Amino acid sequence: MPPETASDTATRQAPPEQITAIPVRHPGRWIAAGLIAVLIAMFVHMLVTNPVFQWGFMVDNMFTPAVLRGARTTLIMTVLAMVLGVLLGIVLAVMRLSPNPVVSGAAWTFIWFFRAIPRIVLLFFCANLGALYATYDLGIPFDRQLMDFFGFSGDLRFLGLDGNQIFAGFTAGLIGLALSEAAYMAEIVRAGIQSVDPGQTEAASALGMSRSRTMRRIVLPQAMRVIIPPTGNETIAMLKDTSLLIAVPVTSELNFQLRAIGSRTFQIIPMAVASILWYLALSSLLMVGQHFLEKRFSRGFGTRETRAQRAERTARIVGSSH
Amino acid sequence: MTGDAGGPVPAGPMVKAEGVCKSFGQLDVLKGIDLEVAPREVMCVIGPSGSGKSTFLRCVNHLEKINAGRLWVDGELIGYREKGGKLHELRDREVSAQRRDIGMVFQRFNLFPHMTALENVIEAPIQVKGLRRDAARDLGAAQLERVGLGDRVHSYPNQLSGGQQQRVAIARALAMEPKLMLFDEPTSALDPELVGEVLDVMRGLAESGMTMLVVTHEMGFAREVGDTLVFMDDGVVVEAGAPRRMLADPQHERTKAFLSKVL
């Protein structure tokens, strides 16, 4: 709306009458809302009245030390698998964009292979690779420290599995999830890199910046804006896919622990609901992190001009045109 | 204004092109360009779109590889090294080193949108020249002051008008203290009322003694600021000379035909 000038206001006799029209009715919307309200009421009624839910039992059992450790394992696995997946994905994306056909072909093959294999199949395979490594005595660095860090010291629940086996299980699971994730992330990162205007690379080149510096300082920060939203989805998918670690098996993760309680006590439904609530809570936690990352990398995009800045600019344009 | 081009004037030409050819696949865009730009000279290049003028400019800082001929900037062969009668391509690092001394301003500004005006200007001095951050800040602020944007250092490009963005782009190029400035239709993407502020900055730069190669459609600027005017068409230099003389009395038919359309 153009700003009013003093002369406009002076010549105007009285402001026009405010419109008080009767708004259009939307009966369809009211009916739909009513139906939904009934369905919600039925749902809540079911939750409250059906004795199978055993809410008290669920609350008592969804925060046991073993479950909390399971939640920690799940979160640590999610974060580690995503960090490795993203880093490897960036390398693969840059390789994929290489002019050298061997380099880009290798990246293509990796992506083709690991996207084709279902994660549960891959995890099962990796678990057996882990056994192979143990047989060949190929040690993995920092095993003792990792063991301590992940709290795998003898818990009664892991009867029959000694420490080394559990360690192999976690590593095998991590390798499987990270490799699979890298294949997806490579395509996401590539799309991000290709979304950046080629003029940006030209401008950086013209200033004498090297290719790698241009990628790090100019292209990737802008690509992040495109990369982060799907990466958030990937992270949430990863959180859920940690439940596939049963194929390794990694028994210390969240879903296994909750199900174990359910099987042992024959309270299947309460523990299944507990699983749902746990994953809801952890996903929501990750979404908060995603929100802040997106905000960080949207600098300079969208309309973030403050009111003061806009006034300043308007004043300047008006001033310069006179 | 601390003089960019205030040092001793080099003896030879700043830019020398000899038989420069460039083709994209089957399409010959440049068909043998010969020209020289003297130090402190402002050369404006005009011509119809597709005449190869922008391509030539991009060859000067090796954004495009030439297929034939030779190009020198300040006596240095661009993009290649001649050794034992053979041409060797320069490494990326060596090409970057050559570009450091050649500023370029693009039609579509190409500012880095995730950085403020100041960060845009100081990025290359820090990353390429290894300038300390505080020294770069002073330099950046001075360069933005010079283009009349001393009060907008912390604005992001999308908070600036087109004219302001292009002035930031000029400041960004100047912050590398180049010995040659290339302008690729710097006002073509601007709203008409914003063209003047960019041309004013360029005029000031020309007066400070900067060597400038300007591809433009601004005949007024070419006439008043340019030392030489070059008319290109279909990949060749058709006519070159003093701007006033050429604009008033073009010798070549193709020049006449073009000028009759744009003047």
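I took two strands as paired if DSSP finds at least two bridges between them, with helices (H or I, at least four residues) and strands (E, at least two) being DSSP runs numbered from the N terminus. The model is predicted, so I kept to local features with pLDDT of at least 70 and to side-chain atom pairs at pLDDT 80 or more, while totals for chains, interfaces and linings use all residues. Residues are numbered from 1 along each chain as its sequence is written, chains are lettered from A and ligands numbered from 1 in the order in which they are written, and side-chain values use heavy atoms, leaving out hydrogens and water.

I looked up strand β11 (residues 228–233) of chain B and found five bridges joining β11(B) to strand β12 (residues 236–241) of chain B, the two running antiparallel; Phe231(B) has Glu239(B) as its bridge partner in β12(B). The two strands form a hairpin with two residues between them, and Asp234(B) in the turn has a positive phi of about 50°. Strand β3 (residues 42–46) of chain B pairs with β11(B) in the parallel sense over four bridges.

I then checked burial (buried is under 20% relative accessible area, exposed over 50%, partly exposed in between, with a 1.4 Å probe and protein chains only). Six of the six residues of β11(B) are buried, so the strand is largely enclosed by the rest of the structure.

Last, I noted that Phe183(B), neighbours within four places in sequence aside, is in contact (heavy atoms within 4.5 Å) with residues including Leu57(B), Ile170(B) and Met202(B).
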